[in-house]
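Dear colleague,

Please find below the structure I wished to hand over to you. My findings follow it, and I would be grateful if you would read them alongside the coordinates.

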Amino acid sequence: MQDYNVLINFVYVVSAVLFIFGLKLLSHPATARKGNLLSALGMFVAVIVTLLDKNILSFELILAGIVVGSAIGVFTAKKIEMTAMPELVSLFNGIGGLASLAVAYATIVSAEQINVFILTVSVLALLIGAITFSGSVIAWAKLSERMIGRPIVFKGQVVFNAALIVAIVALSVLVVIQPSVATWHIVLIALALLMGVMFVLPIGGADMPVVISLLNSYSGLAACAAGFALENNLLIVAGSLVGASGIILTNIMCKAMNRSLINVLTSGFQAVITSDVKIEGEIKPLTPEDAFYVLEAAQSVLVIPGYGMAVAQAQHVMKELQELLEKNGAEMAYAIHPVAGRMPGHMNVLLAEADVSYEQLFEMDEINARIDTFDVAIVIGANDVVNPAARELPGSPIYGMPIINADLAKNVFVLKRGMAAGFAGIENPLFFKQNTRMIFGDAKETLGNLVRQFSS
Amino acid sequence: MIAIYLLFILILAIVVGFELIRKVPSTLHTPLMSGSNAISGITLIGALSLSGGEHSQFATWLGFAAVALATINVVGGYLVTDRMLAMFKKR
C-alpha cells in the first residue's frame, strides 16, 4: 500500500486553517453560520484523509462506530430544546473527555516500544479525559435537576481530596514505570473518575455556567494531550483552540459574578455570607391595566430578561408585545447580563429562537451607558443581575458584582411571581425604589394581558 | 526533539485561539461552546487508526468506542450549532 503520510499531513494543515477561519467568522452573527460550516468542512476532510493512513487495515469497526455515533448525534441535535442547551453542552463535554480517555488508554495498551514521553502524555490525556467525563456527568445531573443543586460537602472532604490527588500522582508514576500492569490502569482510571465527581460536587447549581465553561476547556485539553501521545499536530491545534475558548468563557463568567475561579470552585467549603441590612421603602404593586397606560406613552422600552423568563416560556409573548410597542412608535432594546441564562450566551439563543433580532440584544456595559434614557425598563424573571445592592450596599454578599442598572431607568416594571429572594437568596432593594412598580403574577400571563390590551 | 516541536505548535495554537475567541461577541457564546464541542471531537482522527489498526483486541475495541463517542461530538456538535446559528436573524 502506498504511503500517503505527506498528503495526510498536508490536509491536516488545511483543516487547521479551516478551523481557525471558522472561528474567525464566528465574530459576527451574520457570518457565524458560514464559519461553523467551514469548521465542519475542516473536520470532514481531516477524517476522510485519515482513512488513507497505512496503519488502518480494517474499516468495518470504523464504519460501525461512525454510523452509531452519527445516529446518536443527529438525533440529539434535532431533538434538544433550546432551554436544555446547557445540559447538552455539558454531556458533549463529557463525551469528548471519554473519547480522549479511550484513545489514551488504547495508546497505552498498544504501545510497542516503551517511550517515557508518550506514556507520560498518554497518562495525562487519560486523567484529563476521565475528570472531564465524570465531572460533566455531575454537572449535567445538577443542571437537569436530577440531582440536588446545592453544594454537597462532607466532613474531611478537603483531606480526602488531597489524599486522592496524592494517590493519582503516585499511580500515574507507576503506570509510566510499569505500563504493562493492567491493575494500575484500572485503579488510575477509577481514581480519576472519582476526582471529577469530587471536583463538581461542592459547587452549587447556580455556579454551573462556570463549571461547564471550565469542563469545555478540559475537553479541549484532553484532545490536546491525546495529540501529544499520538504525535498528531491537528489534535494539538484543535484541542488548544477549544482549551483557549473554554478558559476565556470561564474568565468572563467569573468576572460577571465578581468572583475568582478559586472562589467558585471552593464555594461549598466557605461559610455562607449573610447580610442583615434592612431595606427601607415600600413595595408598590401595579396592575397590568395601569402598566399598559405607561407603556403606551413610552418612547423607549428596555427588556431585562433572566432565566425566569425562559422557565415561564414568556419569550414568545414578549416578542409579540415588542412588535406592538414598536408599532406604537417605541424604541425597543434587550439588555443581557453575562450570567442571565444557565450558560454563557444562553439568553441570546433563547431570544433568537423567539425571533428577536440580534441587533436589539445589547451587552451590559453598552446599555448601562445609556440606561437613564429609557422610559421603561421591564425586568422579567431576573433578580440578582439587577440588584442595586451590588452597587450601593457594601457588606451585601453580591457587593461589587457588575449589574444592569435597571433602577436608573425612568420607570421600572418588575414581573415577578411573589416576593421570594433570587437564586442567591439576597434581598433586592430594586423592588423598594421610588420608580419601581411590581407586577405580580406569571410573566407569561402578564405579558399576554398587555398584548391583549394593545390589540384591542 | 519531537516533544519540543509539538510544544511549539501548542504554544502558537493557544495564542491564535486566545486572539480569535476574544473577538467572539457574547451573543454567540453558546454556539461557540457547542461549536468547540464539535472541534474537540477531533479525537476522532486519533481514534480511527487505533480502531482500524492491527493492535490487541482490547485496544481495537477501545478505538471503536472512541470513534463512536467522538462522532457523537462531531456530528451532534456541528448540527446543533448550525441549528442555533440559523435562528440568529437581523430584521
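The axes of H3(A) and helix H4 (residues 57-85) of chain B come within 7 Å of each other and cross at roughly 30°. Axes here are lines fitted to C-alpha atoms, for helices over the stretch in contact, and angles run from 0 to 180 degrees between N-to-C directions. Helices (H or I, at least four residues) and strands (E, at least two) are DSSP runs, numbered from the N terminus. H3(A) and H4(B) are therefore roughly parallel to each other (angles under 35 degrees count as roughly parallel, over 145 as roughly antiparallel, 65 to 115 as roughly perpendicular and the rest as oblique). H3(A) passes H4(B) in a right-handed crossing; a crossing is left-handed if the near helix is turned anticlockwise from the far one by less than a right angle, and right-handed if clockwise. By class, this contact of H3(A) with H4(B) has 17 nonpolar, eight polar and one charged residues. Ala, Val, Leu, Ile, Met, Phe, Trp, Tyr, Cys and Pro count as nonpolar, Asp, Glu, Lys and Arg as charged, and the others, Gly among them, as polar.

Please note that this is a predicted model, in which local features need pLDDT of at least 70, side-chain atom pairs count only at pLDDT 80 or more, and totals for chains, interfaces and linings use all residues. Residues are numbered from 1 along each chain as its sequence is written, while chains are lettered from A and ligands numbered from 1 in the order in which they are written. The predictor gives the complex an ipTM of 0.96 and a pTM of 0.93. Chain B averages a pLDDT (the predictor's confidence in each residue, from 0 to 100) of 93, and 100% of its residues score at least 70.

As to the interface, 93 residues of chain A are in contact with 79 residues of chain B (C-beta atoms, placed from the backbone, within 7 Å). On the side of chain A that touches chain B, the largest share, 16 residues, comes from H4(A). The residues of that side divide into 59 nonpolar, 27 polar and seven charged.

Within chain A, helix H8 (residues 208-230) and helix H9 (residues 233-256) pack at an angle of about 160°, with their axes 7 Å apart. H8(A) and H9(A) are therefore roughly antiparallel to each other, and H8(A) passes H9(A) in a left-handed crossing. Their contact has 18 nonpolar, twelve polar and no charged residues.

Yours sincerely

Note on methods
Contact = placed C-beta atoms within 7 Å.
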